[in-house]
Amino acid sequence: MTQINAAWTRPGSLLDLFFESFRNGEGGVARLLDHLVIVTMDPAAYEGCQAVHRHCYFLRTSNGVDYRSEKMFMSKDYLEMMWGRNRFQQTVLELGYNFLFTDVDVMWFRDPFRHISMAADIAISSDVYMGDPYSLRNFPNGGFLFVRSSAKTIDFYRAWQQGRWRFFGKHEQDVFNLIKHEQSAKLDLAIQFLDTTYISGFCQLSKDLNKICTLHANCCVGLGAKMHDLRGVLDVWRNYTAGTPDERRAGKFQWKLPGICIH
């Protein structure tokens with residue numbers, strides 16, 4: 001599932017790039033769109049979703065926030081949106097469903113599921129990956145997150161929600177980082193941090209196009225900056241997929257660097 005507001009659903013905006021990445025991907029990744037639920041935060045986003053996708057859900061909220069416009073990073077409305085997303089994920093787990101959440105600014109090029117361990121209760125992408133997938137020294141990013149429904153993960157989410165008030169003013173990703181040691185020990189929780197070679201982002205960029213599965217426009221503030229750099233990413237990917245096997249193996253294709261955020 002992913003989550004959007006009206007600012008991200010306008011024609012030519014991030015939702016279009018998100019879909020394009022699947023459709024230009026390899027190994028049948030486009031088939032995953034049939035299983036994608038788009039959670040919308042406002043009526044305009046819901047209407048826009050219904051025009052382009054079969055599985056749309058309108059998440060009604062009672063916090064008085066108008067979600068139609070872009071929410072600037074760490075603003076009050078941004079924090080409300082992110083913590084509301086986190087609470088909705090908890091509800092999905094409480095209903096007994098596993099889920100994979102992806103931000104809509106994640107480009108999908110190959111199926112990432114084979115990189116998610118069957119032993120992991122939670123598998124989360126990394127802003128900074130240190131080399132050991134089960135080391136709590138890795139820095140998490142909640143923009144790509146797989147969670148198995150269980151008593152342990154539901155309890156983790158409850159502690160995560162409580163952390164909003166323990167660490168008031170922090171967003172949910174920072175709170176995850178602050179509670180990961182105590183909660184993984186308390187709950188005997190296996191947290192896998194995903195290797196940025198495969199599940200990558202602008203924070204720690206994979207430059208091996210032969211291995212990359214997803215690419216997240218993280219460490220990047222502002223819709224315009226994300227759009228600029230992700231258009232460049234998709235241009236390079238299209239050229240890569242049109243290349244010969246020899247050209248691809250030789251590493252002829254590389255990201256356009258630097259961009260506004262990508263480097």
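This is a predicted model: local features need pLDDT of at least 70, side-chain atom pairs count only at pLDDT 80 or more; totals for chains, interfaces and linings use all residues.
Start by selecting residues 223-242, which form helix α6. At 1.5 Å a residue, its 20 residues should span 28 Å, and the end C-alpha atoms are 28 Å apart, so the two values agree. Next, colour the buried residues of α6, among them L223, M227, L230, L234, W237 and Y240. K226 and D229 are buried as well. To see what the buried residues of α6 pack against, show α1 (14-23), β5 (106-108), β10 (214-216) and α7 (245-249).

Now move to S206, in the loop between β9 (199-201) and β10. S206 has 6% relative accessibility and therefore counts as buried, the cut-off being under 20%. Leaving aside neighbours within four places in sequence, select its contacts: T196, T197, S200, I212 and W255.

The last stops are the cavities, of which the structure holds two of 30 Å³ or more. For the largest, select V106, S125, S126, F144, I199, S200, G201, T214, H216 and N218, which line a space of about 50 Å³. Two or more lining residues come from each of β6 (122-128), β9 and β10, and β9 gives the most, with three. This lining has three nonpolar and seven polar residues, and no charged ones.

For the second largest cavity, with about 40 Å³ of space, select R85, N86, Q89, G142, L145, W160 and E172. Both α3 (76-94) and β7 (139-147) supply at least two of the lining residues, with the largest share, three residues, coming from α3. Here the lining divides into two nonpolar, three polar and two charged residues.

Technical notes
Residues are numbered from 1 along each chain as its sequence is written. Side-chain values use heavy atoms; hydrogens and water are left out. Helices (H or I, at least four residues) and strands (E, at least two) are DSSP runs, numbered from the N terminus. The expected span of a helix is 1.5 Å times one less than its number of residues. Buried means under 20% relative accessible area, exposed over 50%, partly exposed in between (1.4 Å probe, protein chains only). Contact means heavy atoms within 4.5 Å. On a 1 Å grid over the protein atoms alone, a cavity is a set of points where a 1.4 Å probe fits but cannot get out, and a pocket is an open set with protein on both sides within 12 Å along at least five of seven lines; lining residues have an atom within 4 Å of a point. Grid points are joined across faces, edges and corners, and a volume is the space filled by probe spheres set on the points. Ala, Val, Leu, Ile, Met, Phe, Trp, Tyr, Cys and Pro count as nonpolar, Asp, Glu, Lys and Arg as charged, and the others, Gly among them, as polar.
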